[in-house]
Amino acid sequence: MSPLSQQRALLLQSKQGEFAVGTRNVPQPKPGEILVKNEAVALNPLDWKIQALGIIVQDYPAVIGIHAAGVVEAVGDGVETWKPGARVFVRITSEQELLTKGASRLYQGDLENDHGTYQQYTLIDAKLVAKVIRPTQVSETAAYTSLFEIPNAMSFEDAASLPLAIATGAVGLYHVQGGPRFDPPWKEGARGKYAGTPLVIMGGACTNGSLAIQWARLSGFSPIIATASLKNEEYLRSLGATHVLDRELFASELFTQVNKIAGGRVPVVYDAISTAATQNAAFDLLSPGGRLLIVTPNALDEDRKARASEEGDGRAVVNVLGIVQIPFLRPFGEELFAHLCALLEEGAFKPPRVQVIPGGLSGIAAGLEKLQDGEVSAQKLVVRPAETR
């Protein structure tokens with residue numbers, strides 16, 4: 001059990017209200033639960049939307065936050081897999097259950113106060129946690145976890161930036177129903193398999209887009225064409241993009257440039273931004289039978305939908321959800337995370353660039369304002385709860 005009784009937490013005071021740092025009890029793990037000390041917490045666009053739009057959360061004051069990395073502090077009775085001191089990274093979403101671990105692990109949770117990450121300690125249900133295992137050791141429990149060990153060389157800050165986006169890209173390219181379902185690069189013979197197949201990634205500099213570029217590189221896609229602010233071109237090329245086009249291009253110019261680079265329209269576009277504007281521009285890039293992968297609700301113009309239906313060319317829009325703990329994604333989640341630690345250890349992925357906001361939990365509100373105002377580019381904002389003033 002944790003020797004502490006009180007912790008600092010960032011509390012959303014009321015629906016569409018203000019944030020304030022306060023004190024709340026450190027939850028004690030009951031049988032089957034795990035307590036994680038959060039060393040680094042990442043900020044996400046969902047967080048400002050919860051505050052500004054009054055969505056998802058029902059009870060106030062509320063502790064939100066969905067991404068963190070830390071150390072297993074204590075475990076409840078009956079928990080044998082996890083031990084205090086383990087380093088872990090975690091992701092938590094409102095749609096599903098919380099996973100958090102104290103050894104180097106990744107965890108995910110729900111938005112109940114004890115499970116949110118905008119505090120110094122987070123509670124997790126051990127039933128939803130499994131130790132990262134090697135590809136030859138896949139077990140039936142791995143499908144139910146979002147808590148994973150952090151490679152020794154990876155910082156807590158880098159680890160906190162990874163969870164949701166790395167899964168979303170994999171689900172979109174390799175698994176989602178109706179999607180392209182390419183063979184994932186951890187399968188035998190699939191690393192580099194898609195050389196010569198072009199792929200476009202809209203929003204390559206955002207966290208989701210930067211990790212999608214790296215999945216594409218591992219799979220061998222070429223060319224890999226990303227849209228972004230041109231100030232991020234060198235960075236995106238270092239991740240694997242072969243071409244970077246200005247995100248401000250008009251849709252007609254984007255179409256011309258992509259066709260010139262790819263030698264025609266492309267079979268897949270991964271839209272990491274998924275606004276109405278990017279979806280419509282991306283759909284026009286697709287070849288017959290092509291797939292547009294989006295991460296927000298379908299906002300394609302009705303006339304485009306009608307034309308695609310009339311032409312009967314098989315183009316389709318597919319929604320991608322990276323929450324691999326929900327039942328229909330669990331088998332793929334098992335496969336993905338059984339190989340993830342090894343991929344991280346070999347350096348197959350570069351974590352998103354991280355900016356640490358000073359002040360610990362006290363700095364989150366200002367950071368969320370920057371996210372809401374579109375002032376963050378090619379970076380993940382992170383705080384260290386221990387620095388809370």
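A nonpolar core here is a set of buried Ala, Val, Leu, Ile, Met, Phe, Trp, Tyr and Cys residues joined through side-chain atoms within 4.5 Å. Keep in mind that this is a predicted model.

Q: Which residues are in a second, separate core?
A: Besides the core of 60 residues, there is a separate one of 21 residues. Its members include L11, L43, V57 and A62.

Q: Which residues does L236 contact once its neighbours within four places in sequence are left aside?
A: L236 is among the residues with the most contacts inside the largest core. Leave aside its neighbours within four places in sequence, and the partners of L236 are G204, A205, I213, A226, A228, A241 and V244.

Q: What share of the protein chain is buried?
A: The chain has ten helices and 16 strands, and its accessible surface comes to about 15500 Å². Carbon and sulfur atoms account for 49% of that surface. Of the 389 residues in the chain, the buried share is 57%.

Q: Why do I364, G367 and L368 count as being on the same side of α10?
A: Helix α10 covers residues 364–372, and I364, G367 and L368 are buried in it. Residues three or four places apart in an α-helix point the same way, because there are 3.6 residues a turn. The buried residues of α10 are covered by elements including β1, β2, α1 and β16.

Q: Is V354 buried, partly exposed or exposed?
A: V354 sits in strand β15, residues 354–356. It touches E157, D158, S161, K380 and V382, not counting residues up to four places away in sequence. Buried means under 20% relative accessible area and exposed means over 50%. The value for V354 is 26%, so V354 is partly exposed.

Q: What is the C-alpha to C-alpha distance between E39 and A69?
A: E39 belongs to strand β3, residues 33–42. Not counting residues up to four places away in sequence, E39 touches A69, G70, V71, F156, V383, R384 and P385. E39 and A69 are 30 residues apart in sequence, but their C-alpha atoms are separated by 5.9 Å.

Q: Which parts of the chain does the pair of E335 and K187 link?
A: E335 and K187 form a salt bridge, with the closest N and O atoms 3.2 Å apart. Both are partly exposed, E335 at 22% relative accessible area and K187 at 39%. The two residues are 148 residues apart, and the parts they link are helix α9 and the loop between α3 and β9.

Q: Why are K305 and E302 separated by about one helical turn?
A: The side chains of K305 and E302 meet in a salt bridge at 3.4 Å, N to O. K305 is partly exposed at 32%, whereas E302 is exposed at 58%. They are about one helical turn apart because they are three residues apart in helix α8.

Q: Which residues are linked in a network of salt bridges?
A: The whole structure has 14 salt bridges. The network is made by E157, R384 and E387.

Notes: Residues are numbered from 1 along each chain as its sequence is written. This is a predicted model: local features need pLDDT of at least 70, side-chain atom pairs count only at pLDDT 80 or more; totals for chains, interfaces and linings use all residues. Side-chain values use heavy atoms; hydrogens and water are left out. Helices (H or I, at least four residues) and strands (E, at least two) are DSSP runs, numbered from the N terminus. Buried means under 20% relative accessible area, exposed over 50%, partly exposed in between (1.4 Å probe, protein chains only). Contact means heavy atoms within 4.5 Å. Accessible areas come from the Shrake-Rupley method with a 1.4 Å probe; for residues, only the protein chains shown count as cover. A salt bridge is a side-chain nitrogen of Lys or Arg within 4 Å of a carboxyl oxygen of Asp or Glu.
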